[in-house]
Amino acid sequence: MGKKGTQIPVKEKFEDNIEYLIKELRIGKNFDVIHRPLEYGGRKFAMFLIDGFASANLLLLIMKEIEKRKPEDFADNPIDRLFKTFIPHVEVNTSDDLEEVIAQILAGQTAVVVEGGNQVIMIDSREYPIRSPQEPDIERVVRGPRDGFVETIVFNLALIRRRVRDRSLVMEYVQVGQRSKTDIALVYIDSIVDVDHVKMLRDKLESISVDGISMGEKTIEEFVFGRNYNPYPMVRYTERADTSAVHLMEGHVLIVVDGSPSVMICPSTYWHHLQHAEEYRQKPIIGVFLRWARFIAVLASLFLLPLWYTYASNEQLLSDRWKFIGVKDSGEIGLIWQFLIAEIGIEILRMAAIHTPNALATALGIVSAIIIGDVAVQVGIFTHEVVLYVAVSAIGTFATPSYELSLANRLFRVFFLIMVALLNVPGLAIGITLWIIMLARTKSMNTPYLYPFIPFNPQDFRIMLARTPIPLKNTRARMLNPQDATRQSHK
């Protein structure tokens with residue numbers, strides 16, 4: 001139904017309904033919005049549909065079936081007879097609100113208006129343009145499924161349903177955007193999930209009042225979670241159906257937005273963004289190694305440059321054994337400016353790589369490595385040490401599983417560098433302290449962002465540090481407050 005106060009009831013007079021739909025759908029101005037007048041069994045019919053969405057074969061089959069009917073077949077209640085008997089299709093519904101009819105037509109359904117009927121029949125005849133499911137570029141695994149989400153919500157939900165065949169799996173439908181009418185699904189297992197989390201998200205989504213969801217799931221995140229001045233992501237994004245299924249069975253809630261191949265996992269902590277499916281596709285001991293290698297990469301991306309800059313600026317802090325860490329030749333410009341230029345340069349190269357055609361990617365790499373890197377060192381813009389440590393930090397950034405988290409960490413890496421430049425050694429301590437305080441105060445759906453580190457939970461902290469063998473993982477994370485905390489029972 002349309003929102004309260006906006007409903008337009010189906011009128012008794014057939015021509016009034018047709019006139020309203022023709023006017024509101026701009027029939028005649030829109031070449032892809034089709035109005036098809038028909039007549040069967042002595043009654044007038046009219047079909048309204050979007051040309052690019054409708055399945056012509058399905059509609060032709062329905063028209064042939066209705067064509068067989070005699071006038072007496074529509075004598076009593078034409079809508080009821082069509083709905084229950086004469087339309088050979090599964091996904092059929094009715095509506096008595098013309099505003100809802102318009103919204104569903106624009107979403108791809110076919111509306112059938114019948115003379116003498118007090119409702120409009122809605123036939124889901126959609127055939128969305130769709131690309132084949134492919135493995136996501138940023139979540140690749142050596143072993144594992146290759147099917148990733150696409151831009152069509154129905155297919156994404158089917159990929160999730162294929163992996164979670166629990167009868168308590170719920171997929172709620174919400175429509176957001178007064179003009180865009182974007183389809184959104186709230187997905188959860190109602191026998192596991194914390195009902196307060198579901199209610200919180202549902203209320204937030206229903207309260208969104210905007211003309212359109214311009215950037216899809218990212219716009220939804222800004223409306224639902226706010227915290228626009230905090231660079232850290234409040235939700236985890238994934239394009240993998242198996243990752244989504246695992247989080248559902250942990251007690252998370254998914255937000256699936258039509259038109260986006262990314263699914264939002266709610267709530268999430270800092271540590272959720274450091275997990276990767278590859279850890280669970282290998283033996284547990286290998287998974288532990290991969291996880292810790294990733295932790296080291298993330299720590300390097302955050303702290304390697306600020307720490308080296310601190311020691312390079314205060315060589316008295318180093319013992320004779322570690323004197324090689326310092327700078328042999330400081331270059332023509334200050335170290336802090338070298339760092340800032342390098343950070344901006346890497347970001348420009350990243351953006352250039354995104355916009356560079358694949359055929360020219362090799363040429364871009366040669367230009368970046370040889371011309372910019374080598375020549376910049378020779379002319380004295382960069383020192384060798386700066387190039388080395390910036391490169392290691394960049395590799396740590398690219399090794400971060402979550403793209404959003406890597407960007408936030410990069411921003412704070414620059415913040416730490418500036419604090420060291422301004423206040424020297426105390427600047428690094430103050431910067432890291434402020435960073436930890438900010439993360440400790442951050443919450444995602446009332447869930448502490450640093451849990452289980454702050455507040456500390458020994459059991460969940462151990463699971464976070466080391467990939468636990470699945471047969472030994474008997475309980476779900478306490479932070480999600482699951483209704484069923486037991487994953488498996490041993491006899």
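Pro133 touches Arg146, Asp147, Gly148 and Val150, leaving aside residues up to four places away in sequence; contact here means heavy atoms within 4.5 Å. The model is a predicted one, in which local features need pLDDT of at least 70, side-chain atom pairs count only at pLDDT 80 or more, and totals for chains, interfaces and linings use all residues. Residues are numbered from 1 along each chain as its sequence is written, and side-chain values use heavy atoms, with hydrogens and water left out.

Pro133 sits in the loop between β5 (120-123) and α5 (153-163). Helices (H or I, at least four residues) and strands (E, at least two) are DSSP runs, numbered from the N terminus.

In α1 (residues 14-24), the buried residues are Phe14, Asn17, Ile18, Tyr20 and Leu21. They cover an arc of only 165° around the axis, which places them on the same side of α1; the arc is that of the directions from the helix axis to the C-beta atoms. An α-helix has 3.6 residues a turn, so residues three or four places apart point the same way. On the other side of α1, Glu19 and Lys23 are exposed. The cover over the buried residues of α1 includes two strands, β1 (33-40) and β2 (43-50), together with α4 (98-106) and β4 (110-114). After α1 comes Arg26, with a positive phi near 55°.

Arg26 also takes part in a salt bridge with Glu24, where the closest N and O atoms are 4.0 Å apart. A salt bridge is a side-chain nitrogen of Lys or Arg within 4 Å of a carboxyl oxygen of Asp or Glu, and by this rule the count comes to 23. Both partners are partly exposed, Glu24 at 29% relative accessibility and Arg26 at 43%. Lys68 pairs with Glu65, the closest N and O atoms being 3.3 Å apart, and Lys68 is exposed, with a relative accessible area of 56%. Glu343 and Arg413 meet in a salt bridge of 2.7 Å, N to O. This pair links distant parts of the chain, 70 residues apart: Glu343 belongs to helix α10 (residues 335-355) and Arg413 to helix α13 (residues 403-423). Both Glu343 and Arg413 are buried. A network of salt bridges links Glu135, Asp137, Arg140, Arg146, Arg240, Asp242 and Arg281.

A cavity is a set of points, on a 1 Å grid over the protein atoms alone, where a 1.4 Å probe fits but cannot get out, and its lining residues have an atom within 4 Å of a point. Grid points are joined across faces, edges and corners, and a volume is the space filled by probe spheres set on the points. The largest cavity has a volume of about 50 Å³ and is lined by Trp271, Leu274, Gln275, Arg291, Phe295 and Met464. By class, this lining has four nonpolar, one polar and one charged residues (Ala, Val, Leu, Ile, Met, Phe, Trp, Tyr, Cys and Pro count as nonpolar, Asp, Glu, Lys and Arg as charged, and the others, Gly among them, as polar).

Methods. Buried < 20%, exposed > 50% of the residue type's maximum accessible area, 1.4 Å probe, protein only. 1 Å grid on protein atoms, 1.4 Å probe; cavity = no way out; pocket = protein on both sides within 12 Å on 5 of 7 lines; lining within 4 Å.
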